[in-house]
Amino acid sequence: KMVAFEWKDKKKSLDELTAIFQGMDVVICFPGIDGHRSEQCRYLLAAKRAGVQRFVPDDFGIDINEIQYGLCGMFDQKNDFSLVLEASGVPYTRIFNNAISEWMLPTYKNQKEYVKTGSGDVPYLVCHKRDVAAMTIKAALDPRCANKCVSLDGCGTVTQSSAIQKVQERWPKHKFTFGERSAEEVMEGIKNGSSMPAKVGEQSEKERHELNRLVFLDGRCALITDGVLKASELYPDHAWFTVEEQYSDPEFVFGSTEVPPEDKC
């Protein structure tokens, strides 16, 4: 059994959370962009008290095992929590889904503001949300993944330049427009950008540029560190929603199964 519900009320007490977790085998934790990751300490202790057999923390993102402190505040928080998790004694599985396709490829959700950063030629791993969900559940229930990190590597590797080229080739009649962001702009944003989000649910300007540097300039989203399990090897029969399939899927690109008439090839 797993516990899965929306954290609209983040003020639940330790006792309330413990009661919710009773009888559950797995707790999957995702406070969200606007949730401080220290909240997980409460969820973890409640899971420990309830006898939960596997805790999946909010590590959803790139493999951060060898990212040094001070490069990204969000990753500092995640790495700090991994120390708490180790000390708790609760069996865990950490999921590195790398870059979410819907956020990091040109789709209807971001076509008007998809921005190539730096050269655009730095590779990064991507994963579709449906594969994130499926692999998280599989790994959370898999004895091989107890106290391990798992990289969701099966959808494919891209560069921003190749992503733009592929989607334009597949839909040649669509008028895609893309922006550009220089490496200098990224470094300026890290140095002088605001650390406060413009509104709830968004990343701060500083954090956004810290991520841009690690993914699009430093290539850290293409790395799988030693000891991290590869989901493609754990589950060789899983049908991944590959990058090529995503480019060809009108719902992924346009937000609808109906291809706009002007874009039909």
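A nonpolar core is defined here as a set of buried Ala, Val, Leu, Ile, Met, Phe, Trp, Tyr and Cys residues joined through side-chain atoms within 4.5 Å, where buried denotes under 20% relative accessible area (1.4 Å probe, protein chains only). The model is predicted, so that local features need pLDDT of at least 70 and side-chain atom pairs count only at pLDDT 80 or more, while totals for chains, interfaces and linings use all residues. Residues are numbered from 1 along each chain as its sequence is written, and side-chain values use heavy atoms, with hydrogens and water left out.

The largest nonpolar core comprises 31 residues, and Phe75, Leu105 and Tyr124 have the most contacts inside it. At least two residues each are supplied by α3 (73-88), β7, α6 (160-170), α8, α10 (243-248) and α11 (250-254), helices being DSSP runs of H or I with at least four residues and strands runs of E with at least two, numbered from the N terminus. The largest share, four residues, comes from α8. A second, separate core of 18 residues includes Ile95, Val132, Ala139 and Tyr235.

Strand β7 (residues 124-127) is covered on both faces: Tyr124 and Val126 are buried on one side, Leu125 and Cys127 on the other. Strands are taken to pair if DSSP finds at least two bridges between them. Strand β5 (residues 99-100) runs parallel to β7 and is joined to it by two bridges, with Ile100 opposite Cys127. Strand β9 (residues 157-158) pairs with β7 in the antiparallel sense, also over two bridges, and Val158 is the bridge partner of Tyr124.

Key. Buried < 20%, exposed > 50% of the residue type's maximum accessible area, 1.4 Å probe, protein only.
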